Amino acid sequence: MPPARWAVRWILPAGAAPNSCPLCLTVCRLAPGFSLNAHLFKDFEMQNKDIKKIVLAYSGGLDTSAIIPWLKENYGGCEVIAFVADIGQERGDLEGVEQKALQSGASECHVVDLREEFIRDYVYPVLQTGALYEGTYLLGTSMARPIIAKAQVELALKVGADALCHGATGKGNDQVRFETTYTALAPQLKVVAPWREWDLRSREALLDYLKARNIPTTASLEKIYSRDENAWHISTEGGVLESPWNAPNKDCWVWTVDPQDAPDQPEQVTITVEKGNVVAVNGEALTPFQCLEKLNVIGAKHGIGRIDIVENRLVGIKSRGCYETPGGTIMVNALRAIEQLVLDRDSFKWREQLGLEMSYVVYDGRWFAPLRKSLQASAEALAQDVNGEVVLQLYKGQVTATQKKSANSLYSEEFATFGEDEVYDHRHAGGFIRLFSLSSRIRALNEKK
(Lines give C-alpha, C1' and ligand atoms only; values in the text may rest on other atoms or scores of the structure.)
Protein backbone atom coordinates (compact mmCIF):
# COMPACT_ATOMS: atom_id res chain seq x y z
CA MET A 1 0.00 0.00 0.00
CA PRO A 2 1.32 3.49 -0.79
CA PRO A 3 1.90 5.85 2.13
CA ALA A 4 -0.94 8.11 3.14
CA ARG A 5 0.94 11.31 2.29
CA TRP A 6 3.17 12.02 -0.65
CA ALA A 7 5.74 14.79 -0.99
CA VAL A 8 5.83 16.86 -4.14
CA ARG A 9 8.97 18.77 -5.05
CA TRP A 10 9.24 21.61 -7.52
CA ILE A 11 10.78 25.01 -7.63
CA LEU A 12 9.01 28.37 -7.48
CA PRO A 13 10.43 31.71 -8.58
CA ALA A 14 12.00 33.74 -5.81
CA GLY A 15 9.38 35.87 -4.11
CA ALA A 16 6.42 33.68 -5.06
CA ALA A 17 4.36 32.57 -2.07
CA PRO A 18 2.97 28.99 -1.92
CA ASN A 19 -0.55 30.29 -1.37
CA SER A 20 -0.31 32.34 -4.59
CA CYS A 21 1.06 29.59 -6.79
CA PRO A 22 -1.63 28.25 -9.19
CA LEU A 23 0.10 24.87 -9.32
CA CYS A 24 0.13 24.56 -5.54
CA LEU A 25 -3.48 25.58 -5.20
CA THR A 26 -4.52 23.11 -7.89
CA VAL A 27 -2.66 20.23 -6.25
CA CYS A 28 -4.08 21.07 -2.83
CA ARG A 29 -7.60 21.19 -4.22
CA LEU A 30 -7.36 17.97 -6.21
CA ALA A 31 -5.15 16.00 -3.83
CA PRO A 32 -5.38 17.37 -0.27
CA GLY A 33 -3.19 14.50 0.98
CA PHE A 34 -0.17 15.88 -0.83
CA SER A 35 2.51 17.68 1.16
CA LEU A 36 3.89 20.87 -0.33
CA ASN A 37 6.88 21.14 1.95
CA ALA A 38 9.22 21.18 -1.01
CA HIS A 39 9.06 24.83 -2.01
CA LEU A 40 12.82 24.96 -1.96
CA PHE A 41 13.65 28.52 -2.81
CA LYS A 42 17.26 27.83 -1.90
CA ASP A 43 17.48 25.28 -4.71
CA PHE A 44 16.04 27.81 -7.12
CA GLU A 45 18.55 30.41 -6.03
CA MET A 46 21.43 27.95 -6.39
CA GLN A 47 20.25 27.09 -9.89
CA ASN A 48 20.07 30.76 -10.81
CA LYS A 49 23.56 31.45 -9.53
CA ASP A 50 24.87 29.27 -12.35
CA ILE A 51 23.85 31.99 -14.81
CA LYS A 52 26.28 34.90 -14.94
CA LYS A 53 25.44 36.72 -18.18
CA ILE A 54 22.12 36.86 -20.05
CA VAL A 55 21.36 38.35 -23.47
CA LEU A 56 17.78 39.58 -23.58
CA ALA A 57 15.73 40.16 -26.73
CA TYR A 58 14.77 43.70 -25.81
CA SER A 59 12.16 45.97 -27.40
CA GLY A 60 11.96 48.83 -24.93
CA GLY A 61 8.34 48.03 -24.22
CA LEU A 62 6.73 47.40 -20.87
CA ASP A 63 7.48 43.69 -20.57
CA THR A 64 11.16 43.76 -21.46
CA SER A 65 11.73 46.92 -19.40
CA ALA A 66 10.52 44.99 -16.36
CA ILE A 67 12.46 41.87 -17.29
CA ILE A 68 15.88 43.52 -16.94
CA PRO A 69 15.59 44.38 -13.22
CA TRP A 70 13.69 41.14 -12.57
CA LEU A 71 16.55 39.09 -14.01
CA LYS A 72 19.09 40.89 -11.88
CA GLU A 73 17.00 40.39 -8.76
CA ASN A 74 16.16 36.74 -9.35
CA TYR A 75 19.29 35.46 -11.05
CA GLY A 76 21.93 36.34 -8.50
CA GLY A 77 22.73 39.81 -9.77
CA CYS A 78 23.66 38.48 -13.20
CA GLU A 79 24.77 40.79 -15.99
CA VAL A 80 22.01 41.58 -18.49
CA ILE A 81 22.86 42.64 -22.03
CA ALA A 82 19.99 44.04 -24.10
CA PHE A 83 19.75 43.06 -27.75
CA VAL A 84 17.51 45.14 -30.03
CA ALA A 85 16.69 43.94 -33.54
CA ASP A 86 15.93 46.66 -36.06
CA ILE A 87 13.59 44.88 -38.45
CA GLY A 88 11.87 47.98 -39.76
CA GLN A 89 9.64 48.91 -36.84
CA GLU A 90 8.57 52.51 -36.19
CA ARG A 91 11.67 54.67 -36.00
CA GLY A 92 10.33 56.34 -32.85
CA ASP A 93 10.43 53.00 -31.05
CA LEU A 94 14.19 52.88 -31.51
CA GLU A 95 14.89 56.45 -30.40
CA GLY A 96 16.49 56.39 -26.98
CA VAL A 97 16.14 52.60 -26.70
CA GLU A 98 19.77 52.18 -25.64
CA GLN A 99 19.43 54.74 -22.85
CA LYS A 100 16.17 53.14 -21.75
CA ALA A 101 17.82 49.72 -21.50
CA LEU A 102 20.70 51.10 -19.46
CA GLN A 103 18.30 52.93 -17.15
CA SER A 104 16.48 49.65 -16.58
CA GLY A 105 19.72 48.02 -15.45
CA ALA A 106 21.31 46.54 -18.58
CA SER A 107 25.10 46.69 -18.74
CA GLU A 108 25.08 47.09 -22.52
CA CYS A 109 22.57 47.56 -25.34
CA HIS A 110 23.26 46.42 -28.90
CA VAL A 111 21.00 47.63 -31.71
CA VAL A 112 21.48 45.56 -34.87
CA ASP A 113 20.11 46.62 -38.27
CA LEU A 114 18.51 43.51 -39.80
CA ARG A 115 16.11 45.18 -42.23
CA GLU A 116 17.65 44.16 -45.54
CA GLU A 117 18.52 40.67 -44.33
CA PHE A 118 15.01 40.18 -42.97
CA ILE A 119 13.28 40.94 -46.25
CA ARG A 120 15.90 39.35 -48.53
CA ASP A 121 16.60 36.12 -46.63
CA TYR A 122 13.36 35.49 -44.74
CA VAL A 123 10.41 37.25 -46.38
CA TYR A 124 11.33 36.74 -50.04
CA PRO A 125 11.98 32.98 -49.67
CA VAL A 126 8.58 32.54 -48.01
CA LEU A 127 6.94 34.56 -50.78
CA GLN A 128 8.37 32.13 -53.33
CA THR A 129 6.43 29.31 -51.67
CA GLY A 130 3.14 31.24 -51.63
CA ALA A 131 2.68 30.52 -47.91
CA LEU A 132 -0.48 31.89 -46.29
CA TYR A 133 -1.27 30.60 -42.81
CA GLU A 134 -4.87 29.39 -42.68
CA GLY A 135 -5.45 30.98 -46.06
CA THR A 136 -5.07 34.63 -45.07
CA TYR A 137 -2.20 35.46 -42.69
CA LEU A 138 0.99 36.65 -44.40
CA LEU A 139 3.16 35.50 -41.47
CA GLY A 140 4.60 38.88 -40.54
CA THR A 141 5.45 38.05 -36.93
CA SER A 142 6.31 34.43 -37.70
CA MET A 143 8.99 35.31 -40.26
CA ALA A 144 10.59 37.91 -38.00
CA ARG A 145 11.20 35.75 -34.94
CA PRO A 146 13.85 33.42 -36.45
CA ILE A 147 16.10 36.25 -37.60
CA ILE A 148 15.76 38.04 -34.26
CA ALA A 149 16.59 34.88 -32.31
CA LYS A 150 19.48 34.05 -34.66
CA ALA A 151 21.08 37.48 -34.23
CA GLN A 152 20.48 37.27 -30.48
CA VAL A 153 22.31 33.92 -30.34
CA GLU A 154 25.18 35.37 -32.38
CA LEU A 155 25.55 38.22 -29.89
CA ALA A 156 25.35 35.84 -26.91
CA LEU A 157 28.15 33.71 -28.30
CA LYS A 158 30.22 36.80 -29.08
CA VAL A 159 29.99 38.27 -25.55
CA GLY A 160 30.34 34.93 -23.79
CA ALA A 161 26.84 34.79 -22.32
CA ASP A 162 25.56 31.57 -20.80
CA ALA A 163 21.84 32.26 -21.18
CA LEU A 164 19.24 33.76 -23.50
CA CYS A 165 16.02 35.46 -22.50
CA HIS A 166 12.85 36.59 -24.30
CA GLY A 167 9.70 38.40 -23.23
CA ALA A 168 7.15 36.14 -24.90
CA THR A 169 4.22 35.04 -22.78
CA GLY A 170 3.33 31.45 -21.95
CA LYS A 171 0.12 31.74 -24.00
CA GLY A 172 1.55 32.57 -27.38
CA ASN A 173 3.50 31.28 -30.35
CA ASP A 174 6.60 33.44 -29.93
CA GLN A 175 7.99 31.47 -26.98
CA VAL A 176 8.09 28.43 -29.27
CA ARG A 177 9.64 30.35 -32.15
CA PHE A 178 12.39 31.91 -30.03
CA GLU A 179 13.29 28.78 -28.13
CA THR A 180 13.18 26.47 -31.14
CA THR A 181 15.72 28.75 -32.82
CA TYR A 182 17.86 28.90 -29.68
CA THR A 183 17.89 25.11 -29.55
CA ALA A 184 18.74 24.74 -33.23
CA LEU A 185 21.65 27.19 -33.12
CA ALA A 186 23.04 27.08 -29.56
CA PRO A 187 21.62 24.21 -27.51
CA GLN A 188 24.33 24.72 -24.88
CA LEU A 189 22.87 28.07 -23.80
CA LYS A 190 20.29 28.17 -21.01
CA VAL A 191 16.91 29.79 -21.66
CA VAL A 192 15.07 32.10 -19.28
CA ALA A 193 11.39 32.80 -19.95
CA PRO A 194 10.17 35.21 -17.23
CA TRP A 195 6.50 34.93 -18.16
CA ARG A 196 6.68 31.27 -17.19
CA GLU A 197 8.35 32.07 -13.88
CA TRP A 198 7.31 35.37 -12.36
CA ASP A 199 4.08 36.32 -10.60
CA LEU A 200 3.56 39.55 -12.55
CA ARG A 201 0.36 38.70 -14.36
CA SER A 202 -1.04 42.03 -15.58
CA ARG A 203 -0.11 45.34 -17.14
CA GLU A 204 -0.93 47.02 -13.83
CA ALA A 205 1.48 44.71 -11.98
CA LEU A 206 4.28 45.45 -14.43
CA LEU A 207 3.75 49.21 -14.14
CA ASP A 208 3.74 48.99 -10.34
CA TYR A 209 6.90 46.88 -10.45
CA LEU A 210 8.76 49.51 -12.50
CA LYS A 211 7.37 52.38 -10.42
CA ALA A 212 8.59 50.79 -7.19
CA ARG A 213 12.11 50.69 -8.68
CA ASN A 214 12.00 54.22 -10.15
CA ILE A 215 12.45 52.88 -13.67
CA PRO A 216 10.88 55.21 -16.27
CA THR A 217 8.49 53.84 -18.91
CA THR A 218 6.26 55.34 -21.57
CA ALA A 219 3.70 52.55 -21.13
CA SER A 220 0.36 53.26 -19.49
CA LEU A 221 -2.93 51.58 -18.68
CA GLU A 222 -4.52 53.54 -21.54
CA LYS A 223 -2.44 51.68 -24.13
CA ILE A 224 -4.79 48.71 -24.32
CA TYR A 225 -3.60 47.11 -27.57
CA SER A 226 -0.74 44.69 -28.07
CA ARG A 227 1.10 45.47 -31.28
CA ASP A 228 3.91 43.89 -33.25
CA GLU A 229 5.51 45.89 -36.04
CA ASN A 230 8.23 45.29 -38.58
CA ALA A 231 8.93 46.29 -42.17
CA TRP A 232 6.50 43.65 -43.48
CA HIS A 233 3.43 44.29 -41.32
CA ILE A 234 1.85 45.58 -38.16
CA SER A 235 -0.52 43.54 -36.02
CA THR A 236 -3.00 44.70 -33.38
CA GLU A 237 -4.49 42.45 -30.69
CA GLY A 238 -6.35 42.91 -27.43
CA GLY A 239 -8.73 45.69 -26.40
CA VAL A 240 -12.05 45.58 -28.24
CA LEU A 241 -10.75 42.76 -30.43
CA GLU A 242 -10.86 40.25 -27.58
CA SER A 243 -14.55 39.76 -28.32
CA PRO A 244 -15.06 38.46 -31.88
CA TRP A 245 -18.50 40.09 -31.84
CA ASN A 246 -16.95 43.55 -31.58
CA ALA A 247 -16.23 45.22 -34.88
CA PRO A 248 -12.74 46.74 -35.05
CA ASN A 249 -12.68 50.49 -34.51
CA LYS A 250 -10.36 53.05 -36.08
CA ASP A 251 -7.80 52.53 -33.31
CA CYS A 252 -7.28 48.95 -34.49
CA TRP A 253 -5.66 50.16 -37.73
CA VAL A 254 -2.34 52.01 -37.78
CA TRP A 255 -0.68 52.02 -41.19
CA THR A 256 -3.50 51.96 -43.70
CA VAL A 257 -6.23 54.38 -44.70
CA ASP A 258 -9.79 53.12 -44.26
CA PRO A 259 -10.68 51.79 -47.74
CA GLN A 260 -13.86 53.88 -47.64
CA ASP A 261 -11.71 57.00 -47.23
CA ALA A 262 -9.12 55.97 -49.82
CA PRO A 263 -8.75 57.98 -53.07
CA ASP A 264 -11.68 57.78 -55.49
CA GLN A 265 -9.26 57.34 -58.38
CA PRO A 266 -7.40 54.01 -58.77
CA GLU A 267 -3.62 53.95 -59.01
CA GLN A 268 -1.56 51.72 -61.30
CA VAL A 269 1.71 50.21 -60.10
CA THR A 270 4.11 48.15 -62.22
CA ILE A 271 6.04 45.31 -60.60
CA THR A 272 9.03 43.52 -62.14
CA VAL A 273 9.63 39.94 -61.02
CA GLU A 274 12.78 37.84 -61.43
CA LYS A 275 12.95 34.22 -60.24
CA GLY A 276 9.98 34.71 -57.97
CA ASN A 277 11.35 37.90 -56.37
CA VAL A 278 10.15 41.48 -56.74
CA VAL A 279 13.14 43.45 -58.05
CA ALA A 280 11.66 46.73 -59.33
CA VAL A 281 8.70 49.04 -58.71
CA ASN A 282 7.48 51.29 -61.52
CA GLY A 283 10.65 50.56 -63.48
CA GLU A 284 13.02 51.48 -60.66
CA ALA A 285 15.39 48.69 -59.58
CA LEU A 286 15.52 48.48 -55.78
CA THR A 287 16.73 46.19 -53.01
CA PRO A 288 14.11 43.88 -51.47
CA PHE A 289 13.70 46.16 -48.44
CA GLN A 290 13.45 49.26 -50.64
CA CYS A 291 10.82 47.57 -52.85
CA LEU A 292 8.76 46.80 -49.76
CA GLU A 293 9.20 50.29 -48.32
CA LYS A 294 7.97 51.89 -51.52
CA LEU A 295 5.00 49.53 -51.89
CA ASN A 296 4.02 50.02 -48.24
CA VAL A 297 3.61 53.75 -48.86
CA ILE A 298 1.67 53.26 -52.09
CA GLY A 299 -0.54 50.50 -50.70
CA ALA A 300 -1.30 52.14 -47.36
CA LYS A 301 -2.93 55.19 -48.90
CA HIS A 302 -5.32 52.92 -50.82
CA GLY A 303 -6.24 50.81 -47.78
CA ILE A 304 -4.50 47.73 -49.17
CA GLY A 305 -3.65 44.70 -47.02
CA ARG A 306 -6.13 44.82 -44.12
CA ILE A 307 -7.38 41.56 -42.59
CA ASP A 308 -9.30 40.86 -39.38
CA ILE A 309 -8.95 37.19 -38.49
CA VAL A 310 -9.27 34.60 -35.76
CA GLU A 311 -6.33 32.21 -36.01
CA ASN A 312 -5.32 28.97 -34.34
CA ARG A 313 -2.20 29.43 -32.25
CA LEU A 314 0.24 26.56 -31.96
CA VAL A 315 -0.48 26.26 -28.23
CA GLY A 316 -4.17 25.56 -28.90
CA ILE A 317 -5.66 28.99 -28.15
CA LYS A 318 -7.63 30.90 -30.77
CA SER A 319 -6.65 34.56 -31.03
CA ARG A 320 -7.99 37.49 -32.98
CA GLY A 321 -5.90 40.11 -34.66
CA CYS A 322 -6.05 42.92 -37.17
CA TYR A 323 -3.13 42.71 -39.58
CA GLU A 324 -1.94 45.34 -42.06
CA THR A 325 0.43 44.25 -44.83
CA PRO A 326 0.03 46.78 -47.66
CA GLY A 327 3.28 46.28 -49.59
CA GLY A 328 3.28 42.55 -48.98
CA THR A 329 -0.23 42.16 -50.33
CA ILE A 330 0.79 43.93 -53.54
CA MET A 331 3.84 41.66 -53.88
CA VAL A 332 1.79 38.51 -53.37
CA ASN A 333 -0.67 39.53 -56.07
CA ALA A 334 2.16 40.33 -58.48
CA LEU A 335 3.82 36.95 -57.95
CA ARG A 336 0.56 35.03 -58.37
CA ALA A 337 -0.11 36.87 -61.62
CA ILE A 338 3.22 35.78 -63.13
CA GLU A 339 2.76 32.22 -61.81
CA GLN A 340 -0.55 32.03 -63.67
CA LEU A 341 1.35 32.61 -66.90
CA VAL A 342 4.38 30.37 -66.43
CA LEU A 343 3.49 27.42 -64.18
CA ASP A 344 1.74 24.45 -65.73
CA ARG A 345 -1.19 22.86 -63.90
CA ASP A 346 0.79 20.26 -61.95
CA SER A 347 3.57 22.71 -61.07
CA PHE A 348 1.06 25.24 -59.78
CA LYS A 349 -0.67 22.55 -57.73
CA TRP A 350 2.68 21.52 -56.24
CA ARG A 351 3.55 25.13 -55.44
CA GLU A 352 0.19 25.44 -53.64
CA GLN A 353 1.02 22.35 -51.58
CA LEU A 354 4.45 23.75 -50.78
CA GLY A 355 2.86 26.98 -49.63
CA LEU A 356 0.41 25.20 -47.36
CA GLU A 357 3.13 23.13 -45.71
CA MET A 358 5.51 26.08 -45.46
CA SER A 359 2.86 28.20 -43.75
CA TYR A 360 2.71 25.77 -40.84
CA VAL A 361 6.50 25.29 -40.70
CA VAL A 362 7.11 29.06 -40.51
CA TYR A 363 4.18 29.74 -38.18
CA ASP A 364 5.44 27.06 -35.79
CA GLY A 365 8.96 28.51 -35.70
CA ARG A 366 10.75 25.65 -37.48
CA TRP A 367 12.82 27.92 -39.70
CA PHE A 368 16.10 26.09 -39.13
CA ALA A 369 14.60 22.61 -39.52
CA PRO A 370 15.55 20.40 -42.51
CA LEU A 371 11.91 20.38 -43.61
CA ARG A 372 11.92 24.14 -44.16
CA LYS A 373 15.11 23.92 -46.20
CA SER A 374 13.66 21.10 -48.30
CA LEU A 375 10.46 23.00 -49.01
CA GLN A 376 12.49 26.08 -49.85
CA ALA A 377 14.67 24.20 -52.33
CA SER A 378 11.61 22.93 -54.18
CA ALA A 379 10.04 26.40 -54.29
CA GLU A 380 13.28 27.90 -55.61
CA ALA A 381 13.35 25.34 -58.42
CA LEU A 382 9.82 26.30 -59.48
CA ALA A 383 10.62 30.01 -59.20
CA GLN A 384 13.39 29.90 -61.82
CA ASP A 385 10.86 30.62 -64.58
CA VAL A 386 8.71 33.07 -62.57
CA ASN A 387 9.93 36.15 -64.42
CA GLY A 388 7.90 38.97 -65.87
CA GLU A 389 6.10 42.24 -65.41
CA VAL A 390 2.69 42.97 -63.90
CA VAL A 391 0.51 46.07 -63.81
CA LEU A 392 -1.70 46.15 -60.71
CA GLN A 393 -4.61 48.45 -60.04
CA LEU A 394 -5.05 49.64 -56.46
CA TYR A 395 -8.47 50.87 -55.49
CA LYS A 396 -10.17 51.16 -52.09
CA GLY A 397 -8.57 48.12 -50.47
CA GLN A 398 -8.49 45.94 -53.60
CA VAL A 399 -5.53 44.82 -55.71
CA THR A 400 -6.27 43.67 -59.26
CA ALA A 401 -3.74 42.48 -61.84
CA THR A 402 -4.82 44.13 -65.07
CA GLN A 403 -1.80 43.40 -67.30
CA LYS A 404 0.91 40.74 -67.16
CA LYS A 405 3.62 39.37 -69.40
CA SER A 406 6.51 36.92 -69.21
CA ALA A 407 9.10 35.57 -71.63
CA ASN A 408 8.37 32.15 -70.09
CA SER A 409 4.60 32.39 -70.48
CA LEU A 410 2.77 29.19 -71.42
CA TYR A 411 -0.26 31.20 -72.40
CA SER A 412 -0.78 31.04 -76.18
CA GLU A 413 -3.32 33.27 -77.90
CA GLU A 414 -3.28 30.90 -80.87
CA PHE A 415 -4.47 28.00 -78.73
CA ALA A 416 -6.72 29.97 -76.35
CA THR A 417 -8.64 31.97 -78.97
CA PHE A 418 -12.39 31.56 -79.36
CA GLY A 419 -11.96 32.47 -83.00
CA GLU A 420 -10.83 30.24 -85.83
CA ASP A 421 -7.35 28.80 -85.44
CA GLU A 422 -5.00 26.48 -87.31
CA VAL A 423 -3.11 24.96 -84.34
CA TYR A 424 -5.73 22.92 -82.50
CA ASP A 425 -7.69 19.94 -83.82
CA HIS A 426 -10.91 19.60 -81.79
CA ARG A 427 -11.19 15.94 -82.79
CA HIS A 428 -8.16 15.11 -80.66
CA ALA A 429 -10.15 15.89 -77.50
CA GLY A 430 -12.29 12.79 -78.00
CA GLY A 431 -9.41 10.36 -77.53
CA PHE A 432 -8.15 12.29 -74.54
CA ILE A 433 -11.54 12.20 -72.82
CA ARG A 434 -11.95 8.48 -73.53
CA LEU A 435 -8.64 7.70 -71.82
CA PHE A 436 -9.18 10.22 -69.01
CA SER A 437 -12.54 8.66 -68.15
CA LEU A 438 -11.50 5.03 -68.74
CA SER A 439 -11.71 3.99 -65.08
CA SER A 440 -15.24 5.41 -64.87
CA ARG A 441 -16.21 3.47 -68.01
CA ILE A 442 -14.83 0.19 -66.62
CA ARG A 443 -16.62 0.72 -63.30
CA ALA A 444 -19.94 1.37 -65.03
CA LEU A 445 -19.53 -1.72 -67.24
CA ASN A 446 -18.78 -3.88 -64.22
CA GLU A 447 -21.91 -2.68 -62.45
CA LYS A 448 -24.03 -3.85 -65.38
CA LYS A 449 -22.68 -7.39 -65.31
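Me: At which residues does UniProt place the feature "binding site"?
Reply: The model shown here is predicted, whereas the feature "binding site" comes from an unreviewed UniProt entry. The positions given in that record include Ala 57, Gly 60, Thr 64 and Ser 65.

Me: Is Ala 57 buried or exposed?
Reply: Ala 57 lies in strand β3, which covers residues 53-57, and, leaving out residues up to four places away in sequence, Ala 57 touches Thr 64, Phe 83, Gln 152, Cys 165 and Phe 178. Buried means under 20% relative accessible area. Because Ala 57 has a relative accessibility of 11%, Ala 57 counts as buried.

Me: Which residues is Gly 60 in contact with, leaving aside its neighbours within four places in sequence?
Reply: Gly 60 is found in the loop between β3 and α3, and at 10% relative accessibility Gly 60 counts as buried. Once the neighbours within four places in sequence are left aside, the residues in contact with Gly 60 are Ser 65, Val 97 and Lys 100.

Me: How are helices α6 and α11 oriented to each other?
Reply: The axes of α6 (residues 115-129) and α11 (residues 326-342) come within 10 Å and cross at roughly 40°. Angles under 35 degrees count as roughly parallel, and 65 to 115 as roughly perpendicular. The two helices, α6 and α11, are therefore oblique to each other.

Me: Which residues in α11 do Tyr 124, Leu 127 and Gln 128 in α6 meet?
Reply: α6 passes α11 in a right-handed crossing, and by class their contact has five nonpolar, one polar and two charged residues. On the α11 side, the residues met by Tyr 124, Leu 127 and Gln 128 are Met 331, Val 332, Leu 335, Arg 336 and Glu 339.

Methods: Residues are numbered from 1 along each chain as its sequence is written. This is a predicted model: local features need pLDDT of at least 70, side-chain atom pairs count only at pLDDT 80 or more; totals for chains, interfaces and linings use all residues. Side-chain values use heavy atoms; hydrogens and water are left out. Axes are lines fitted to C-alpha atoms, for helices over the stretch in contact, and angles run from 0 to 180 degrees between N-to-C directions. Helices (H or I, at least four residues) and strands (E, at least two) are DSSP runs, numbered from the N terminus. Angles under 35 degrees count as roughly parallel, over 145 as roughly antiparallel, 65 to 115 as roughly perpendicular and the rest as oblique. A crossing is left-handed if the near helix is turned anticlockwise from the far one by less than a right angle, and right-handed if clockwise. Contact means heavy atoms within 4.5 Å. Ala, Val, Leu, Ile, Met, Phe, Trp, Tyr, Cys and Pro count as nonpolar, Asp, Glu, Lys and Arg as charged, and the others, Gly among them, as polar. UniProt positions are given in the numbering used here, feature names are shortened, and annotations may be inferred rather than shown by experiment. Buried means under 20% relative accessible area, exposed over 50%, partly exposed in between (1.4 Å probe, protein chains only).
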